[in-house]
Amino acid sequence: MCRKLRMMNVSGELCWLACLILTVDLTLGLGPYKDMEFTFLLSAGSTECFYQTTARNDSIEVEYQVIAGSGLDVGFVLVSPSGYRLASDFRKSDAIHMVDPTEDGDYRLCFDNSFSKLSEKLVFFEVIINRLSSSVHGGQNEWADVAKPESMVEEDIRVRLNSVHQHLEKSRQVLTVLRTREARDRYLLEDNLWRVSFWSCLNVCVMLTVAVTQIYTLRRLFDVTRRVCT
């Protein structure tokens, strides 16, 4: 009964963490040639795959972390558009993989939890695309197509604005990773708190039982009953 209640509490905590992080992640635009961040709940005994479109001669960086779940580990596979397996992890908590240069097409990212039949995992992953190709994809350079610079001053302003945008984007990515680590640490703290509380209560119960048993035994030793003959 206690184990069943424990599993229900863990499932509730995982759903709460997923809803908390998804409220921020879903505000990001997901699409081809765009950086992607996502947090999802990986069911027990299942495999989930995601796809990211890239252009030729770009570079892609994939980072993932297991935020919550028993063991804090999953399997991971990164497959190229041509079908080659570029990276493969088995039961790891976190990892970073780089692909340089990339191919035209959809890269497949698969997370495997088939080895766990009871525990679901809360997984965060981030895909960062460094655009090195001549074609322009994404929103950071769309405004440059509206009007071309007419002087060196405008050119300098455009370069500085691009630099500011890149730094802000990098800061946002770092903050997102820190937020997921904070959620992971919080889950670990709550899980450890439950274990400490459970074993502390169990030890207190054992100590009280032993104390009552000792008192009863001592009283029986000094409880002398005499028979009076009349």
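## Ser93 and its surroundings

In this predicted model, the side chain of Ser93 reaches the backbone oxygen of Leu72 at 3.3 Å. Ser93 is placed in the loop between β5 (85-92) and β6 (94-99). Its relative accessibility is 19%, so Ser93 counts as buried, the limit for that class being under 20%.

Leaving aside residues up to four places away in sequence, Ser93 touches Tyr64, Gln65, Val66, Leu72, Asp73 and Arg184.

## Backbone geometry

Most residues other than glycine have a negative phi, and most peptide bonds are trans. Leu72 has a positive phi of about 50° although it is not a glycine. Arg91 also shows a positive phi, near 55°. Arg91 is placed in strand β5 and is partly exposed, with a relative accessible area of 45%.

The peptide bond from Asp100 to Pro101 is cis, with omega near 0°. Pro101 is located in the loop between β6 and β7 (105-112).

## Nonpolar surface patch

Trp194, Phe198, Trp199, Leu202, Val206 and Val210 make a nonpolar surface patch of about 560 Å². Of these residues, Val210 is found in helix α2 (residues 152-222).

Note on methods:
Residues numbered from 1 in each chain as written. Predicted model: local features only at pLDDT ≥ 70, side-chain atom pairs only at ≥ 80, totals over all residues. Heavy atoms only, no water. Patch = residues over 30% accessible without salt bridge, like charges linked within 9 Å, V, L, I, M, F, W, Y side chains within 5 Å. Areas by Shrake-Rupley, 256 points an atom, 1.4 Å probe, with all protein chains shown as cover. Salt bridge = Lys/Arg side-chain N within 4 Å of Asp/Glu carboxyl O. Helix = DSSP H or I, 4+ residues; strand = E, 2+ residues; numbered from the N terminus. Buried < 20%, exposed > 50% of the residue type's maximum accessible area, 1.4 Å probe, protein only. Polar contact = N/O pair within 3.5 Å; in protein donor to acceptor, adjacent residues only side chain to side chain. Contact = heavy atoms within 4.5 Å.
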